[in-house]
Amino acid sequence: MNKLIVPAIIVASVIMAATAWSASEQPGSGFQPKPYFEMPLEKDPSRQVRLQSVVIPPGAGNQFHTHPGDQWWAVQEGEVTFTIKGQAPRVLKPGDYVYVPRGTIHRNQNMTNRPVRSIELNITDKGKPQTEPVPD
């Protein structure tokens, strides 16, 4: 019986670490991403494609940031305030989407009391952080 305790602890630790890793897109942002897949871009292995769903809890948001590639973002449920730095904020509702070109400084904020659910498609440079913070 004692021989099973160590393997059980190792398996539990791996599961907890994987769960924590998958739930951490941007420290302190409250975002809860759930990746569907991530793979090399066909004919350009220096870039990767990632599709994920994201939940933004009520009152959560992120700081201004950029991505090392292009992003498409569609709201499925709730309302999110999307802001490109230097432009007026836009409220996106279910069915609305945005295309965020490489290097665009932007942020997303849930200013409501309901969660926001969205889906993201990113085509980014492989080996680079997916999100790069930008000072306000």
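This is a predicted model: local features need pLDDT of at least 70, side-chain atom pairs count only at pLDDT 80 or more; totals for chains, interfaces and linings use all residues.
**Exercise 1.** In what order do the elements of the protein chain run from the N terminus on?

*Solution.* The elements run α-β-β-β-β-β-β-β-β-β-β. To check your reading, compare it with the totals: the protein chain has 1 helix and 10 strands.

**Exercise 2.** Find out how β2 pairs with β1 and with β9.

*Solution.* Step one: look at β1, which covers residues 32-41. This strand pairs with β2 in the antiparallel sense, over 9 bridges.

Step three: move on to β9, residues 116-125. Here β2 pairs in the antiparallel sense over 10 bridges, and one example is Q48, whose bridge partner in β9 is T124.

**Exercise 3.** Which residues make up the largest nonpolar core, and which elements give two or more residues to this core?

*Solution.* First, list the 12 residues: F31, V54, I56, A60, W73, V75, V80, F82, L92, V98, V100 and V116. Next, sort them by element: β2 (44-56), β4 (69-77), β5 (80-84) and β7 (97-100) each give two or more.

Now pick V75, one of the core residues. Set aside its neighbours within four places in sequence; V75 is then in contact with V80, L92, K93, P94, G95, D96, R117 and S118.

Finally, zoom out to the whole protein chain: buried residues make up 35% of its 136 residues.

Note on methods:
Residues are numbered from 1 along each chain as its sequence is written. Side-chain values use heavy atoms; hydrogens and water are left out. A nonpolar core is a set of buried Ala, Val, Leu, Ile, Met, Phe, Trp, Tyr and Cys residues joined through side-chain atoms within 4.5 Å. Buried means under 20% relative accessible area, exposed over 50%, partly exposed in between (1.4 Å probe, protein chains only). Helices (H or I, at least four residues) and strands (E, at least two) are DSSP runs, numbered from the N terminus. Contact means heavy atoms within 4.5 Å. Two strands pair if DSSP finds at least two bridges between them.
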